[in-house]
Amino acid sequence: MENSYEKSLARLEEIIKVLEEGGQPLEKTIELFSEGTSLLNTCTKYLDDAEQTIIKLSGDKNA
């Protein structure tokens, strides 16, 4: 099931908060870091797709 940008970003923010607080076992830290990396990639793709849509809609041929 694919998450929305907002849900992905919210989960990424939760993960960052937990990682910044520290105190997690190494395995949990690695698991969270991996999930966070995946979510970051997902959010980046959403933003890249949105940018391309805006460029198409604005008719900008130079972008």
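Two residues are taken to be in contact when they have heavy atoms within 4.5 Å of each other. The structure is a predicted model, in which local features need pLDDT of at least 70 and side-chain atom pairs count only at pLDDT 80 or more, while totals for chains, interfaces and linings use all residues. Residues are numbered from 1 along each chain as its sequence is written, and side-chain values use heavy atoms, with hydrogens and water left out.

By the contact criterion, and not counting residues up to four places away in sequence, Leu39 touches Ser8, Arg11, Leu12 and Ile15. Leu39 belongs to helix α2, where helices are DSSP runs of H or I with at least four residues, numbered from the N terminus. With a relative accessible area of 9%, Leu39 is buried; here buried means under 20% relative accessible area, exposed means over 50%, and partly exposed lies in between (1.4 Å probe, protein chains only). Besides Leu39, the buried residues of α2 are Leu32, Gly36, Cys43 and Ile55, and what covers the buried residues of this helix includes α1.

Helix α2 covers residues 26–58, and at 1.5 Å a residue its 33 residues should span 48 Å, which agrees with the 47 Å that separates its end C-alpha atoms; the expected span is 1.5 Å times one less than the number of residues. The helix is followed by Gly59, which has a positive phi, near 75 degrees.

On the side of α1 (residues 5–21), Ser8 is buried, with a relative accessible area of 1%. Ser8 touches Asn3, Leu39, Thr42, Cys43 and Tyr46, again not counting residues up to four places away in sequence. Asn3 lies in the segment before α1 and is partly exposed, at a relative accessible area of 33%; its contacts, counted in the same way, are Ser8 and Tyr46. Although Asn3 and Leu39 are 36 residues apart in sequence, their C-alpha atoms are 9.6 Å apart in space, and for Asn3 and Glu35, which are 32 residues apart in sequence, the C-alpha to C-alpha distance is 13 Å.

The packing of the two helices was then described. Helices α1 and α2 pack at an angle of about 145 degrees, with their axes 9 Å apart; the axes are lines fitted to C-alpha atoms, for helices over the stretch in contact, and the angles run from 0 to 180 degrees between N-to-C directions. The residues of this contact divide into 13 nonpolar, four polar and two charged, where Ala, Val, Leu, Ile, Met, Phe, Trp, Tyr, Cys and Pro count as nonpolar, Asp, Glu, Lys and Arg as charged, and the others, Gly among them, as polar. Residues of α1 in the contact include Leu9, Val18 and Leu19, and those of α2 include Thr29, Phe33 and Leu47.

One aromatic pair was counted, on the rule that rings of Phe, Tyr and Trp (its six-membered ring) pair if their centres lie within 6.5 Å, with planes under 30 degrees apart counted as stacked, over 60 as edge-to-face and the rest as tilted. Tyr5 and Tyr46 form this pair, which is edge-to-face, at 6.2 Å centre to centre and with 80 degrees between the planes. Because Tyr5 lies in helix α1 and Tyr46 in helix α2, the pair ties together parts that are 41 residues apart in sequence. Tyr5 is partly exposed, at 23% relative accessibility, and Tyr46 is likewise partly exposed, with a relative accessible area of 25%.
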